[in-house]
Amino acid sequence: MLHTACNIVLGFLLMQLFLETVNADTKGWIEHNPDSGFLYDLENFPIQVKTKIKLGSGDALDLYFENYELDEEAGDIYIYFSSPPTYELYGCTSDIRTKFETELPAEKDGVRIWTFTLSREDGKRRVVIQCNNEEVLNVVLSNATCTDKTWRDYWKWEVTKLNIEGDTGVYRRAPPPCSAGNYMTVAGCQQCGEDTYSGDGAHSCESCPDGKSSAAGSSSEADCKEAHVEDKKTRLLRCPCQLTQRNHHRLSSDTSHLLVQEIPRTS
């Protein structure tokens with residue numbers, strides 16, 4: 001009996017892997033059939049979901065969590081695209097629609113990419129939601145934050161299976177955090193530009209303090225150095241247009257020093 005059950009689970013996992021491989025596009029997005037769930041280790045890998053739902057439409061996005069091994073409900077997140085948009089954590093704030101902590105960012109190319117992260121702190125569940133790489137919700141479930149006093153009955157289980165319902169057909173594993181000197185965008189990690197820096201896992205780059213500059217890809221404020229005034233040689237080499245007709249100069253080709261020679265003016 002146990003051997004048969006293990007074979008069934010293994011077969012399901014292999015089929016899931018096959019379907020995800022077939023349906024995955026070049027950016028890692030996987031087509032999802034809302035009529036069936038899929039196995040996913042949300043405890044260790046945040047998930048991203050792409051939506052095209054317009055704000056004010058009244059439509060909803062629903063992420064339904066389960067523990068596949070124990071066949072237990074493990075929580076539920078609703079996002080309502082009302083005006084203003086709201087969310088509901090089923091089993092914690094059931095039937096209560098709460099406004100987001102911050103305004104949702106605008107669509108990019110007609111879509112929003114949502115990142116859902118679940119973690120635990122001292123046995124309590126933390127839920128973090130990002131929209132287009134901007135954090136819009138970060139809450140620890142507790143008796144103080146949940147109106148449903150039985151919230152632990154749902155949210156205590158590890159999430160190993162998901163189902164997604166709403167105007168979305170694709171999901172993917174969230175990209176790993178960006179290394180220092182880079183920042184996360186919808187398209188992936190991008191290098192910070194000149195005069196900015198970032199640490200590990202950044203979603204934006206910090207500007208250097210006034211009067212300081214840094215090279216592209218800098219990883220800390222310590223990389224921001226005092227901006228020095230260019231010397232005369234550098235200015236001349238960069239801007240030969242400063243030479244006037246009255247005092248023509250000729251620059252030697254020897255780059256080890258700057259040789260200035262007066263050119264006699266012809267009548």
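Two residues are in contact here when they have heavy atoms within 4.5 Å of each other. With that in hand, take the contacts in this protein between residues at least 6 apart in sequence: 50% of them join residues at least 24 apart. Keep in mind as you look around that this is a predicted model.

Let's start with the overall picture. The protein has 267 residues, and 35% of them count as buried. Its secondary structure comes to 20 strands and 3 helices. As for the surface, the protein exposes about 16200 Å², with carbon and sulfur atoms supplying 51% of that area.

Now zoom in on His-32. You'll find His-32 in the loop that runs between strand 1 (30-31) and strand 2 (38-39). Its relative accessible area is 12%, so His-32 is buried, the cut-off being under 20%. What does the His-32 side chain meet there? One partner is Asn-163, whose side chain makes a polar contact with the side chain of His-32 at 3.1 Å. Another is Ile-164, this time through the backbone: the Ile-164 backbone oxygen sits 3.4 Å from a polar atom of the His-32 side chain.

Next stop, the largest pocket. Its volume is about 340 Å³, and 19 residues line it. Those nearest the centre of this pocket are Thr-115, Gln-130, Pro-175, Pro-177 and His-203. Sorted by class, the lining of the largest pocket holds 10 nonpolar, 7 polar and 2 charged residues.

Methods. Residues numbered from 1 in each chain as written. Predicted model: local features only at pLDDT ≥ 70, side-chain atom pairs only at ≥ 80, totals over all residues. Heavy atoms only, no water. Helix = DSSP H or I, 4+ residues; strand = E, 2+ residues; numbered from the N terminus. Buried < 20%, exposed > 50% of the residue type's maximum accessible area, 1.4 Å probe, protein only. Polar contact = N/O pair within 3.5 Å; in protein donor to acceptor, adjacent residues only side chain to side chain. Areas by Shrake-Rupley, 256 points an atom, 1.4 Å probe, with all protein chains shown as cover. 1 Å grid on protein atoms, 1.4 Å probe; cavity = no way out; pocket = protein on both sides within 12 Å on 5 of 7 lines; lining within 4 Å. Points joined across faces, edges and corners; volume = space filled by probe spheres on them. Nonpolar A, V, L, I, M, F, W, Y, C, P; charged D, E, K, R; others polar.
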